[in-house]
Amino acid sequence: MILNGTSLPMDEFTMYPEVETNVTATVVNDNHTTSSYSDPRLMYAEYDEWVELATVSYYIDQRYLWFIVAFGFPGNIATIFTILRVGHVGTPSFYVLLLAVVDNLAIVVKLLYHQLAMYNVPIGVSGCKSLKFLGSFLVAFANWVLITLAVERFIAIHFPFSQTSTRKFKMKKAVLVVSVEAGILFWVFAPVLWTHSYIYDSYLNVMRCGEPEEYRYFVEEIWHWIDSVVYAVIPCISLFTLNVLIIRDTTHSLKARTLLTNSVNSRRGSNFNVQITAMLLTASIVFVVLTLPVCVYYVVNVYWDVSPYSVQQGWKSIFRDVAYLLCDLSHAVNFYLYFLSARKFRRNFLKVLTCSRRGNPSTNSAAMCPSNYL
């Protein structure tokens, strides 16, 4: 998705009042620069009510990424630390590890761009293109890694006899799959590199990161939809469909195994797959719930015409910012979902913490530390 002040496309100003009432109103554009205008209270009947809503929208936009980073960055680090410390990484845990790394990179790049834009820090053409591209690429790549994990779980459950390959071969295949995905997404988002630049805004009298005039129609009318579909719409629909299929197949698989055997090994294998699947289902269902509002906004924004300085415009701005907040939250919640939904992950994380506090565990205590993961 195209990064700007909120790391997502914005369709109109976010405005907020100055401390003095009755003189001017301050307008904050996508690059967070401000300009003063004559008091619009004389021209717009709903201006006072709109100011209250626009102020709420402004403060959400200015602060929510700090919350996302403070909440999500430590959680993703905990996921990475747990998987690396337990060793013997399997294919599912490789995807979980990669997802945590990409999620952290995505939210850090978003916050970095947001702060640089807000304080008008000169970043030049290279900085503008790099941050715009990385922001768009990373958030989309994270979502597609989650799709890949869902596909892997669906195949493992629906075609159980196909999972006879060695772990080394599975890992090579997993690395190849995500490499191909990354390559495809790189070329999908490559237009960002030439449609955006560090340009002079004569209206606001500032240098800002945006699209030159010759690319404006493409960015607003064509690229906006490509970006939205690749980042949110396809992942949302894909994960919803895969979740339904996985739940159906898991239910049938558990019933069949219960009827065929009650052996200890079978029950352990069944519990193992159920916990991995529970982690995936929890993460992907929450992703769908958090991403759905921004998908709705992408659609209704085309038809939702509002008058300037109206109450409807204020509510539209709040809906937009809340939708973006929830969408970005999908990159911050996975660790907490894993911890709540998967007993094995929770036990391994707590054991890793226990072992870390001991420093170098003795031979006896080392046996208590996790030696495998998924």
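**Entry 1: cysteine 209**

I looked up cysteine 209 and found it buried, with a relative accessible area of 10%. Buried here means under 20% relative accessible area, with exposed over 50% and partly exposed in between (1.4 Å probe, protein chains only). I noted that this is a predicted model, where local features need pLDDT of at least 70, side-chain atom pairs count only at pLDDT 80 or more, and totals for chains, interfaces and linings use all residues. Residues are numbered from 1 along each chain as its sequence is written, and side-chain values use heavy atoms, with hydrogens and water left out.

**Entry 2: the disulfide**

How many disulfides does a search of the whole structure find? I got 1. A disulfide is a pair of cysteine sulfur atoms within 2.5 Å. It is a covalent bond between the sulfur atoms of two cysteines. The partners are cysteine 128 and cysteine 209, with their sulfur atoms 1.7 Å apart. I checked the torsion about the S-S bond of cysteine 128 and cysteine 209: it is about 90°, so the disulfide is right-handed.

Next I placed the two ends. Cysteine 128 sits in helix 3 (residues 124-158) and cysteine 209 in strand 5 (residues 206-210), so the pair ties together parts that are 81 residues apart in sequence. Helices (H or I, at least four residues) and strands (E, at least two) are DSSP runs, numbered from the N terminus. Cysteine 128 is buried, at a relative accessible area of 0%.

**Entry 3: cysteines in no disulfide**

Cysteine 236 counts as buried at 7% relative accessibility. Cysteine 327 is in no disulfide either; the nearest cysteine sulfur, that of cysteine 295, is 7.3 Å away. Cysteine 327 is buried, with a relative accessible area of 0%.

**Entry 4: cavities**

I searched for cavities next. A cavity is a set of points, on a 1 Å grid over the protein atoms alone, where a 1.4 Å probe fits but cannot get out; lining residues have an atom within 4 Å of a point. I counted 3 cavities of 30 Å³ or more. The largest cavity holds about 60 Å³ of space. A volume is the space filled by probe spheres set on the points, which are joined across faces, edges and corners.

Which residues line the largest cavity? I listed Leu99, Asp103, Ala142, Asn143, Leu146, Phe287, Ser330, His331 and Asn334. Helix 2 (91-118) and helix 3 each supply at least two residues of this lining. Helix 3 gives the largest share, 3 residues.

Note on methods: On a 1 Å grid over the protein atoms alone, a cavity is a set of points where a 1.4 Å probe fits but cannot get out, and a pocket is an open set with protein on both sides within 12 Å along at least five of seven lines; lining residues have an atom within 4 Å of a point.
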